[in-house]
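Keep the viewer open and look for each one as you read.

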Amino acid sequence: MKYVISIFLLLATIGCRQKGPAEITGTVNPGEYSEYQLFIVDGGKRDSLTVDAQTRFFSLLLNCDTPRIVTLMGIVGTGQNKWPFEQALYIEPGTKVKLDIQFKNRRAEMTADKKDRNNTALITYNRFYLDKSRSIWENPPVASELKNSMSEIHTRVNDVTEELRPANMVESYLRIQAYLSFAQALDGVTYMYSRNGEALPDGMRELIPPVYEVLDDPMALRFYNTNTFVFNYLKKERETPEEQIQLLKERFTVKSIVESVSRLVLQSFVTDYNYKNGFEEGLQRLKNMTADLGEEGGKLVKDFESKKYSMEGAALPDVTLEDVDGKIHKLTDFRGKYLYVDLWASWCGPCCQEVPYLQKLEKQLKNPAVEFISISLDTNKEAWKKKMKQLNMHGHQYIVTGDQFATMMNIKGIPHFLLYSKDGTLMQYKADRPSSGDKIRNVLTRLK
């Protein structure tokens, strides 16, 4: 009976240890860096790590019902000497992660408790990869050594996992990290070789397993570039978005990855579609592809439909414009005039460079049938007003907050110039810039 009770108490004790918050604690040796910020990113939540100025000690409790991986992020230094870092950490309910962090030579040197095999594995491999990528970039291996050198990115994971035997979740994370790191390093090496007129040795691409063999894992979404990597794979394998989504569903079983990459495929279709040719056909294709996406699919369809405003012959978009005094205006207020519209922003250097040319063009043009309108896409009204004052901008100056107008017009970059006819229809979606000189001046002069 005593034996049974002892077993029961032991199991109860173990159970208690596995409940409650996880704690991340440790010390920081800032070295030469007097300023730094540390954060723990856990899903969509970010918590600051407060470090005691005297003891350099920090501690943070995280609600933790199940084991998971969080990210320690940091910004170290000031001004031109500022640099970031990040490190994945494994946490379990009721456990403590102890870290020792030292900033040195623009690196965060980190160690975990020796008994913590999971975080030791994560830190060990991340340190190796940072050293390896720096070595490859600074001293690209010659062709005869490249294959062996690059292969270490994969083989090092095997060494770490065999030595430390981390949890399955950690091992999965490390193998995905190695896969994406290898692909990223290979792209860098390819660029460096091509810059020198060289080609990669045969067999380098074969060192990468098929994308679906590694990234068809819920853990893959922990990495910011997973969706883009899978999307690029689909584009290489299939031409149309319909075919790409079909292949995605055939090769990947993780629902969250299928959903997130499908969104990327559809968003790309909306952004890149040639609206001048086959608008109705493209709209129907999108409706077919988004039929089972509900509200999200409806938004994509609405975004596509709004792009009709970027087609020559399209009507003036119904957007609200605000002048410097806060008064509201519409582009339709100018119907009866040709409109030369400048889309710009205070933070856009090329936009600001066009302003003197625009002012010169407006001054030289002797055509009362043409109105010049500047529309800022700034999100900060004060920055807009300050830049207008600096550039001595005058005339019809407006701001349209948010990204609705840029989305409607399918604007992919600024400065962007539009030309509308007297009846309010789009004549030129990409009108010549003011800096083109006589080219745009002659076009505007001929308008009657």
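Ser 376 counts as buried, because its relative accessibility is 0% and the cut-off for buried is under 20%. Keep in mind that this is a predicted model.

**Around Ser 376**
- You'll find Ser 376 in strand E12, which covers residues 370-376.
- The side chain of Ser 376 makes a polar contact of 2.6 Å with the side chain of Asp 378.
- If you skip the neighbours within four places in sequence, Ser 376 is in contact with Trp 344, Ala 345, Trp 384, Tyr 398, Ile 399 and Val 400.

**Two asparagines with positive phi**
- Here's some background: most residues other than glycine have a negative phi.
- Asn 105 isn't a glycine, yet its phi is positive, at about 55 degrees.
- Look for Asn 105 in the loop between strand E7 (96-104) and strand E8 (107-112).
- Asn 105 counts as exposed because its relative accessibility is 55%, and exposed means over 50%.
- Asn 392 has a positive phi too, near 55 degrees.
- The loop that holds Asn 392 runs between helix H12 (381-390) and strand E13 (396-399).
- With a relative accessibility of 60%, Asn 392 also counts as exposed.

**A cis peptide bond**
- Most peptide bonds are trans.
- The bond joining Ile 414 and Pro 415 is cis, with an omega of about 5 degrees.
- Pro 415 sits in the loop between helix H13 (404-408) and strand E14 (416-420).

Notes
Residues numbered from 1 in each chain as written. Predicted model: local features only at pLDDT ≥ 70, side-chain atom pairs only at ≥ 80, totals over all residues. Heavy atoms only, no water. Helix = DSSP H or I, 4+ residues; strand = E, 2+ residues; numbered from the N terminus. Buried < 20%, exposed > 50% of the residue type's maximum accessible area, 1.4 Å probe, protein only. Polar contact = N/O pair within 3.5 Å; in protein donor to acceptor, adjacent residues only side chain to side chain. Contact = heavy atoms within 4.5 Å.
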